[in-house]
Amino acid sequence: MNTVPSKVSIIVPVYNVENYLAKCLDSLVNQSLQEIEIIVVDDGSSDNSGLIAQEYGQRFPERLKVWKKENGGLSDARNFAIDRATGDYIGFVDSDDYVGKTMFEEMFNLAEKHNAEMVICNIQKVDESGIVTQKLTQIPNMPEKIDLEKNFSVFSDLSYFACNKLFRKELFNDKRFKRGVHFEDIQLIPQLLLKCKIVAQTQNFHYHYLERNDSITKTHTEKGLDILKAVKDVESEFKTSSYSTKKEELKNFQILEGVYSFLAYLAFVKDDKVFYDMADQLKNFIEERNIKIKDILFYSRFGKNYILYLPLKKKIFYLLFFAGQKKLIRKLI
């Protein structure tokens, strides 16, 4: 048990990551912020992940709590931990990633300084040697403190990862990750943002997202339709939020997540029937919302036309799709 109250609860769902878990937990037990609790949830691992977690729990009983449960998936493990969190703020770290030593101290201090309900840091992708392969800046050209009423473009520009954010615990009073779905972050994190008034950010790249050598290319299936379902859930929340009049930002959110994110997934669907069925559902999604092709092609993110900054192959894919040339797309990919 912690001897002092926790300022931050850090939630780490664990499932079969024995080769990566120690580095993740090392980065957390050595955080410069002392008043933290690390909640590790072994979600029915079949490798040595559970043993590694238990070892860390024994070594750092004042900081790290370990729970074991039957496998229920990422959302279920996160929700399990949220129910047990005692910190004023909640953060999420994936168990094969790791973070900078001062991540949670800086983000907690920003939350307190600006009375922010959510704090965001930048992400960098790293390989297994620790070499940075890509830097992902989250909110460029905006101040440390962001008043959402005045800067609501953030809603449609933000990348909705859970792992690079710190959340005031009260945001979860009536919200949880949706179980049994893919893309649970897209479904929940925008809903949490709609409950915020102030967001704070740091331009530091605190979160290190590991690109694993042993990762097998995931099979892209009709599960990608969960992206569209996630957007629909956010739309429902949007209607009853204090930002319900900001229709342009909602449309831009629909374009970024419902169109571009969906197409990024669809590009890797190999089964022709599934591909065409999903493409038809996207067409219906666009038509139901009266989104025009010019709205999509001229969508601007952080003040820059989005499609112009895509890699060439992806750019061609998108343009062919919007031109209705799905058969040509199948040859392309």
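Begin by selecting D277, which is partly exposed, with a relative accessible area of 35%. Here, buried means under 20% relative accessible area, exposed over 50%, and partly exposed in between (1.4 Å probe, protein chains only). The model is predicted, so local features need pLDDT of at least 70 and side-chain atom pairs count only at pLDDT 80 or more, whereas totals for chains, interfaces and linings use all residues. Residues are numbered from 1 along each chain as its sequence is written, and side-chain values use heavy atoms, with hydrogens and water left out.

**Stop 1: helix α9**

The side chains of K273 and D277 meet in a salt bridge at 2.8 Å, N to O; the term denotes a side-chain nitrogen of Lys or Arg within 4 Å of a carboxyl oxygen of Asp or Glu. Both residues belong to helix α9 (residues 272–288), 4 residues apart, about one turn of the helix. Helices (H or I, at least four residues) and strands (E, at least two) are DSSP runs, numbered from the N terminus. K273 counts as exposed, at 59% relative accessibility.

**Stop 2**

Next, select K69 and D43. Their side chains form a salt bridge of 2.7 Å, N to O. The pair links distant parts of the chain, 26 residues apart: K69 lies in strand β3 (residues 64–69) and D43 in strand β2. Are these two residues buried or exposed? K69 is buried, with a relative accessible area of 13%, and D43 is also buried, at 3%. The whole structure holds 23 salt bridges.

**Stop 3**

Move to strand β1 (residues 8–14), where 7 of the 7 residues are buried. In a regular strand the side chains alternate between the two faces of the sheet. On one side of β1 are V8, I10, V12 and V14, on the other S9, I11 and P13, and all are buried.

Which strands pair with β1? Strand β2 (residues 36–43) runs parallel to β1 and is joined to it by 7 bridges; pairing requires that DSSP finds at least two bridges between two strands. P13 stands opposite V41 in β2. Strand β4 (residues 89–92) also pairs with β1 in the parallel sense, over 4 bridges, and Y89 is the bridge partner of V8.

Now display helix α1 (residues 21–29), which makes a right-handed β-α-β unit with β1 and β2. Right-handed means that, with the strands pointing away from the viewer, the path from the first strand over the helix to the second runs clockwise.

**Stop 4: the nonpolar cores**

Select F92, L148, F155, F172, L263, L266 and L282: these have the most contacts inside the largest nonpolar core, of 67 residues. Such a core is a set of buried Ala, Val, Leu, Ile, Met, Phe, Trp, Tyr and Cys residues joined through side-chain atoms within 4.5 Å. Helix α8 (residues 247–266) gives the most to this core, with 10 residues. A second, separate core of 37 residues includes V14, L28, F60 and A111.

**Stop 5: an open sheet**

Finally, select the 4 strands of an open sheet with mixed pairing, in the order β5-β12-β7-β8. β5 (98–99) and β8 (132–136) stand at the edges, each with a single partner strand, so one side of each is left without a neighbour in the sheet. Strand β7 (residues 123–126) runs antiparallel to β8, joined by 4 bridges; there, V126 stands opposite V132.
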